[in-house]
Amino acid sequence: MAARKPAAKPNVSPDELRQYYRDMLLIRRFEEKAGQLYGMGLIGGFCHLYIGQEAVVVGLEAAASEGDKRVTSYRDHGHMLACGMDPNGVMAELTGREGGYSKGKGGSMHMFSREKHFYGGHGIVGAQVPLGAGLAFADKYLENDRVTFTYFGDGAANQGQVYETFNMASIWKLPVVFVIENNQYAMGTSQKRSTSTEDIYTRGAPFGIPGELVDGMDVLAVKAAGDKAVAHCRSGKGPYILEIKTYRYRGHSMSDPAKYRTREEVQKMREERDAIQNVRDLLLTGGHATEDDLKAIDKEIKDIVNASAEFSKESPEPALEELWTDIYAEAVPQGDAIEA
Amino acid sequence: MATQILMPALSPTMEEGTLAKWLVKEGDTITSGDILAEIETDKATMEFEAVDEGIVGKLLIEAGTEGVKVNTPIAVMVEEGESVEDAAAPAPAPAAEAPAEAPAAAAAPVPATPKAKAVEPDWPEGTPMKTQTVREALRDAMAEEMRSDANVFVMGEEVAEYQGAYKVTQGLLDEFGDKRVIDTPITEHGFAGIGVGASFGGLKPIVEFMTFNFAMQAIDHIINSAAKTLYMSGGQMGAPMVFRGPNGAAARVGAQHSQDYAAWYAMIPGLKVAMPYSAADAKGLLKSAIRDPNPVIFLENEILYGRSFDVPDMEDFTVPFGKAKIWREGKDVTIVSFGIGMQYALEAAEKLAEEGIDAEVIDLRTLRPLDYGTVIESVKKTNRCVTVEEGYPVGAIGNHLSAYIMQNAFDWLDAPVINCTGKDVPMPYAANLEKHALVTTDEVIDAVKQVTYR
Ligand SMILES: Cc1ncc(C[n+]2csc(CCOP(=O)(O)OP(=O)(O)O)c2C)c(N)n1
Ligand SMILES: [Mg+2]
């Protein structure tokens with residue numbers, strides 16, 4: 001504990017700081033609950049928890065404006081909670097129930113919300129990268145001044161389509177922030193073993209895309225980098241790359257025996273770098289919150305998460321007819337109507 | 001309040017496990033993240049972490065206990081101040097919270113162990129047998145071929161240090177080293193192409209796809225580079241290699257991870273396609289595939305990996321391509337299937353037998369080449385045919401067989417051929433919907449009753 005270094009001087013207001021604490025805590029507690037429900041057999045299949053990485057989405061959401069878009073991989077629960085999707089709907093999707101965001105048809109890896117501009121939840125590693133650039137293409141085409149956050153992992157960064165996308169995003173000056181969530185492992189493969197260079201953010205340089213390395217265990221650093229990237233995109237200069245160094249505390253998915261790293265490595269991260277604990281310390285030492293204030297937040301979060309678990313158990317399974325719906329659309333909103 | 005800790009589900013296909021070791025003892029205070037126990041699942045030994053904090057009141061299941069069902073209470077936690085005696089009290093009510101309809105990942109029914117004997121055995125009579133899982137059989141096939149041919153190597157994601165995402169390559173790195181057992185980055189299109197190039201260059205690659213869903217990233221190299229080069233080069237060079245991995249639905253992994261590609265690959269001239277059901281066939285066919293001078297698509301199945309079958313205990317056991325296997329002889333109807341479809345076919349046949357309908361069950365084993373002769377001969381005997389597969393109904397292997405049977409045994413047919421397939425929908429995640437999206441044993445039974453007019 002002693003080795004914990006408080007984050008740099010806040011570049012945000014105490015209210016904002018408390019909000020980050022709350023939002024990160026919501027993700028952590030939600031994920032812990034999801035892990036429990038998985039163990040009980042209420043959630044099935046693959047379930048990739050976001051525990052440890054909370055500062056990444058919370059910091060970047062703080063840099064986003066209404067209408068900005070986001071798209072990510074299967075490790076998506078945190079992104080959905082951070083962009084304001086309803087924990088009940090997310091948890092009920094995890095249990096495969098009617099009340100879930102995809103009516104139980106998508107599951108942990110595949111959720112979407114048009115309302116919150118969340119474009120999924122994609123199971124094929126790397127596939128969301130051109131999709132994100134495509135969303136940005138649409139925004140540029142529609143001249144609506146929006147930015148798309150396209151999240152992908154250190155493992156995904158080796159897929160060829162990422163570089164095809166970098167090239168096009170650069171020549172067409174697409175307003176997309178490529179967010180590499182470098183949690184240092186792709187399943188059991190450490191970044192060292194899979195990646196020819198140490199840094200991934202420099203891989204944009206040959207395409208003319210600026211990039212920078214960000215400490216993903218420091219929500220304020222993430223927010224600051226996000227602000228810069230968004231400003232770059234919105235000013236019409238094209239894409240920006242943020243390689244955010246983070247760490248996942250749990251296994252890759254629920255069924256990962258995680259023999260590729262030591263317990264000490266995980267423990268050290270948790271004890272010395274934990275983003276939530278960092279903000280907690282900052283709030284207390286800066287006199288921005290009292291223990292009682294934080295207790296109240298903890299309680300609020302606990303209630304939200306418990307309620308989402310209850311909801312996800314009580315929501316009925318989808319009706320059998322749902323098997324046959326949503327395969328073809330009668331009409332889809334196009335162009336600006338997509339916001340309506 | 002005392003709370004129970006339940007046996008966790010630690011993999012998509014786990015229904016029970018071994019509580020290998022307790023890492024806490026009664027009276028220990030634990031916090032979230034502490035490891036409570038080591039649990040062996042169907043795939044691996046996993047550490048089971050505490051989620052809540054508290055004191056271990058009582059351990060209900062002894063270390064070393066096998067076959068502990070998911071959701072069985074394994075320990076009781078108490079809060080500070082609460083006595084361990086209080087903790088012993090709570091009735092071991094079986095997991096009130098877990099609804100009956102949601103057992104861990106039991107999408108596919110476990111079939112009755114097939115009893116019917118192979119009609120044409122692939123091994124000499126009297127060969128000693130051993131029981132092996134499909135997973136072990138596949139690993140042995142690769143290991144044996146790697147021992148006998150130094151140019152055979154394996155590459156793919158997590159095949160080496162991790163021992164395989166589904167543990168199929170377990171132990172290969174230890175035995176053959178990292179020159180021949182190679183971890184790749186996540187870049188299917190790239191490493192599939194490198195595999196094809198290496199095969200042009202004289203090696204015999206086994207390219208593992210973590211699942212065949214991800215082979216779609218690489219499908220251009222599989223089709224355009226591997227399948228067509230022999231033809232385009234006028235026979236000068238080709239791609240003697242194997243693309244293998246799990247194919248089809250696992251359990252609750254949703255639309256992008258649950259698709260049967262049998263019919264896709266079987267369509268392509270220049271490819272060979274194998275899709276074994278039993279462990280013996282998995283072994284014998286994979287050895288043949290590795291030796292084959294052509295690109296072979298080898299479609300495995302995650303749900304079958306853990307199933308045990310008899311495998312002949314003999315030196316160099318192979319199964320030839322293009323030879324179907326009759327699992328059960330019968331006179332009333334021919335049921336043709338392959339891969340995991342066989343579990344529905346065999347289960348249906350058994351139930352039908354109870355009702356006096358005598359089904360012949362054919363396992364195609366390879367889809368290219370396909371053993372038309374065995375199918376036609378059987379249909380000429382039974383005059384009726386039902387096909388069973390997990391893939392989509394449009395462009396299915398069953399569609400092709402129906403056409404073939406119509407052209408070549410029309411006069412023998414007493415009823416139209418019925419194709420039982422997966423439904424014409426992307427795979428849903430919800431447990432109840434997933435069950436309906438897959439082909440079911442009841443559908444096979446209904447189809448047989450239709451063609452036999454019962
Ligand atoms: C094309 C493809 N290949 C392989 C997989 C299997 N797989 C799922 S996640 C994963 C690791 C990805 O690691 P990374 O991109 O670092 O993301 P993280 O899981 O660390 O968030 C792999 C290999 C997949 N889903 N899609
Ligand atoms: Mg990663």
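**Entry 1: the second largest pocket**

I began with the second largest pocket and found that 29 residues line it, with Ser102(A), Lys105(A), Phe112(A), Asp326(A) and Ile327(A) lying nearest its centre. I kept in mind throughout that this is a predicted model. For the space inside the second largest pocket I noted a volume of about 900 Å³. I then sorted its lining by class, and wrote down 15 nonpolar, 9 polar and 5 charged residues.

**Entry 2: where ligand 1 sits**

Next I turned to ligand 1 and looked up its place among the chains, which is between chains A and B. I counted 22 residues around ligand 1, and the closest of them are Tyr74(A), Arg75(A), Gly123(A) and Ala156(A), together with Glu188(B) from the other chain. By class, this shell around ligand 1 is made up of 10 nonpolar, 8 polar and 4 charged residues.

**Entry 3: polar contacts of ligand 1**

Which atom of ligand 1 does a polar side-chain atom of Glu188(B) approach? I found that it is a nitrogen atom, at 2.5 Å.

Conventions. Residues are numbered from 1 along each chain as its sequence is written. Chains are lettered from A and ligands numbered from 1 in the order in which they are written. This is a predicted model: local features need pLDDT of at least 70, side-chain atom pairs count only at pLDDT 80 or more; totals for chains, interfaces and linings use all residues. Side-chain values use heavy atoms; hydrogens and water are left out. A residue is near a molecule or strand if one of its heavy atoms lies within 4 Å of it. A polar contact is a pair of N or O atoms within 3.5 Å; within protein, one must be able to donate a hydrogen and the other to accept it, and residues adjacent in sequence count only if both atoms are side-chain atoms. Ala, Val, Leu, Ile, Met, Phe, Trp, Tyr, Cys and Pro count as nonpolar, Asp, Glu, Lys and Arg as charged, and the others, Gly among them, as polar. On a 1 Å grid over the protein atoms alone, a cavity is a set of points where a 1.4 Å probe fits but cannot get out, and a pocket is an open set with protein on both sides within 12 Å along at least five of seven lines; lining residues have an atom within 4 Å of a point. Grid points are joined across faces, edges and corners, and a volume is the space filled by probe spheres set on the points.
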